[in-house]
Amino acid sequence: MPLTLASSAGDLLLPLVVILAAAGLVAVVLQKLRLATVPAYLITGSIIGPHALGLINDPEGVSQLSGLAMVFLLFGIGLHIDLSTIRVGLTRILAAGLISLAISIALMIPTAAVLQQQGWPMLAAAMALALSSTAVVMQVLQARRRTERVAGRLSLGVLLLQDLAAVAMLIALPVLAAWHTPGGETSTEPAMSAGDMAMSVVWAVLACGGIVATGRLVLPLLLRQAARQRSAEVMTVISAAFAIGAAAATEHTGLSAELGAFLAGFLLATTPFRHHLSGQMGVIRDLFLAIFFTTLGTAIDYAVLAEYWLPVVIASVLVIALKTLAIGGAAYIAGTTGGTAIAVGLSLAQGGEFSLVVVAAAQGAGLLDTDAVSKLTGVIVVTLVLAPALIDFAFWITEKFPVPRTARWVHSLSLVDVEEREAEAEADPKLDAPSIYVIVAGMGVVGRAVIDSLRAIDRPVGVSIVEMNPSTVRTQQQRGHTIIYGDVANPDVLESAGIRRAQVLVLSIPDDEAVLRAVREAKRLNPSVQVIARTSFLSRAMVAHRLGAVATVVEEMAAAREMDRAVTTILERACADLRTAATNENKPQGAPPQDAENYDAVPSEPRA
């Protein structure tokens, strides 16, 4: 979509008011039915579009606004990518993502054939259907507090890999279009000459290289200067300008504007300012999210869906079933348990926002006609509407009918939750299942001492460690220890560590605020857990007791006791030395000093 300015702002004001008002009203109503916002916006667009109520009679009139909304949507998705969240077990997560994506694309080709697509359009449709929804899945997982569990982390890793793959798909679409004739059949000769295609690739590489160089070298300097001057609004302006400039650069070289926007967001995500920018751009992103998906929903033609309702329904069922099989199977191969594999597969069985972006880009490239776009959009909308229910069903079925066993070839438990490790130990008579479960937060000097003491106990004790140092997490995991990266005050991290089954929680981290929050959350999640908290001051220890801690170790009290012991010892030695000196002075000349034998037999201790 060209990013040129509209000839008249008035041409956009009325459609914009209709889109925002309708999106807000319909979304409020549909959220009462537990429907996520993305499918709600799509349904809104289909209602107000030219094929239903006709409130938006000319969707092309707001195409420029939709294009700008798409740019900011992709920019926001790139800005939210945080690779540190999947650092633990990264190799296996990447393997699961790559395997599942390849299998999904292969299985979506016959699904696209059900929608009467052939040749290169069938491949373009298959690529779109193979992608899942980052926005919907992460929104539901965060609401259900599942993001820190293995299923949540693995889902996020697969989604990030799919988002990156979508960028490659956007690059590939013009190439596929070059081999596709307007009649819809493949051609044996490319529409572009080899020289033109080579130059197009060179310009695309130069554009992407320039964006990366600017994002890595120039942009951090500008943002750092703005931060020094405490100009939060200037940082936002610079970031938005970078996103739009990157989008324009990639579009000018023949690639999609969405690619440049996503790349700009991803580069900003690697800077120290990502959290601030994410908060600043959040409102804008949410606004354009509603505009983009509502505008995209206006393309849904109910007449086409009524005519092809059977292929749409069959294709929707195939998408859910085949993607569950592909993604769940890849997760199981990578090292998860059967239950986690089922949860991940069902959670990612829908189409996504990038699916719609790929469909729109394929239509712009001439690979898909209006009927194909309507059918594909219908399938994506149906699966998106069902996504929250599928995720809830996935976790319900895994809790009611757990499948804790991993594949026989799996030797690492980096993608296995604490509860599943326990179940696997109980299922194997050769394993001595621990009868006591302790969570230790922090692997500093105090935490290591506690862990060493627990491992020295005769009876089996299950120890789960929570640590914020990624290198420590990686090292301990390589040694086979159960360790989780995250903030222990985060309820999701506590859930992942197994707080609901733990008997004892030891908070050894030197952060009073985090300790107090962790005590509160731990007692809320498991009222029977025994919490031992470390605090710096006596006043904070009293607060920890009120929150539910059964024991506290106060650093200032421990220091006071050690200081008292040291002072008492030194004073006792000084008094003993004085008594010895006085006694020796009162003895006759030539008499040996008191305790002379002891001084000869034992080396003297240092004097105070």
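Val212 touches Leu263 and Leu267, leaving out residues up to four places away in sequence. This contact belongs to a predicted model of a chain with 608 residues, 49% of which count as buried. The secondary structure of the chain comes to 24 helices and 6 strands. Among contacts between residues at least 6 apart in sequence, 73% join residues at least 24 apart.

- Val212 is found in helix α8, which covers residues 194-228.
- With a relative accessible area of 34%, Val212 is partly exposed, because values between 20% and 50% fall in that class.
- Val212 and Leu267 are 55 residues apart along the chain, yet their C-alpha atoms are separated by 7.2 Å.

- Thr111 is buried, its relative accessible area being 0%.
- Beyond its neighbours within four places in sequence, Thr111 is in contact with Leu129, Ala315, Leu318, Val319 and Leu322.
- Not counting residues up to four places away in sequence, Ser100 touches Val158, Ala326, Ile327 and Ala330.

**Helix α7 against helix α10**

- Two packed helices are described by the angle between their axes and the distance between the axes.
- For helix α7 (residues 150-178) and helix α10 (residues 257-268), the angle is about 150° and the axes are 9 Å apart.
- The crossing of α7 and α10 is left-handed.
- On the α7 side, the contact is made by Asp163, Leu164, Val167, Leu170 and Ile171.
- On the α10 side, the contact is made by Glu258, Leu259 and Phe262.
- Sorted by class, the residues in the contact of α7 with α10 are 6 nonpolar, no polar and 2 charged.

**Helix α2**

- Helix α2 spans residues 37-48 and has 12 residues.
- From its first C-alpha to its last, α2 reaches 16 Å, close to the 16 Å expected at 1.5 Å a residue.
- Helix α2 is mostly covered, with 10 of its 12 residues buried.
- The buried residues of α2 include Thr37, Val38, Pro39, Ala40 and Tyr41.
- Further along α2, Leu42, Thr44, Gly45, Ser46 and Ile48 are buried too.

**Salt bridges**

- A search of the whole structure finds 4 salt bridges; among them are the pairs described below.
- Glu513 forms a salt bridge with Arg540, and the closest N and O atoms are 2.8 Å apart.
- Glu513 lies in helix α21 (residues 512-525) and Arg540 in helix α22 (residues 538-547), so this pair ties together parts that are 27 residues apart in sequence.
- Glu513 is partly exposed at a relative accessible area of 41%, and Arg540 counts as partly exposed at 26%.
- Arg534 forms a salt bridge with Glu555, where the closest N and O atoms are 2.6 Å apart.
- Arg534 lies in strand β5 (residues 530-535) and Glu555 in helix α23 (residues 555-586), so this pair ties together parts that are 21 residues apart in sequence.
- Arg534 counts as buried at 19% relative accessibility, because the cut-off for buried is under 20%.
- Glu555 counts as partly exposed, at 31% relative accessibility.
- Arg565 forms a salt bridge with Glu562, and the closest N and O atoms are 2.6 Å apart.
- Arg565 and Glu562 are 3 residues apart in helix α23 and are therefore separated by about one helical turn.
- An α-helix has 3.6 residues a turn, so residues three or four places apart point the same way.
- Arg565 is partly exposed, with a relative accessible area of 46%.

Terms used:
Residues numbered from 1 in each chain as written. Predicted model: local features only at pLDDT ≥ 70, side-chain atom pairs only at ≥ 80, totals over all residues. Heavy atoms only, no water. Axes fitted to C-alpha atoms, helices over the stretch in contact; angles between N-to-C directions. Helix = DSSP H or I, 4+ residues; strand = E, 2+ residues; numbered from the N terminus. Left-handed = near helix turned anticlockwise from the far one by under 90°. Contact = heavy atoms within 4.5 Å. Nonpolar A, V, L, I, M, F, W, Y, C, P; charged D, E, K, R; others polar. Expected span 1.5 Å × (residues − 1). Buried < 20%, exposed > 50% of the residue type's maximum accessible area, 1.4 Å probe, protein only. Salt bridge = Lys/Arg side-chain N within 4 Å of Asp/Glu carboxyl O.
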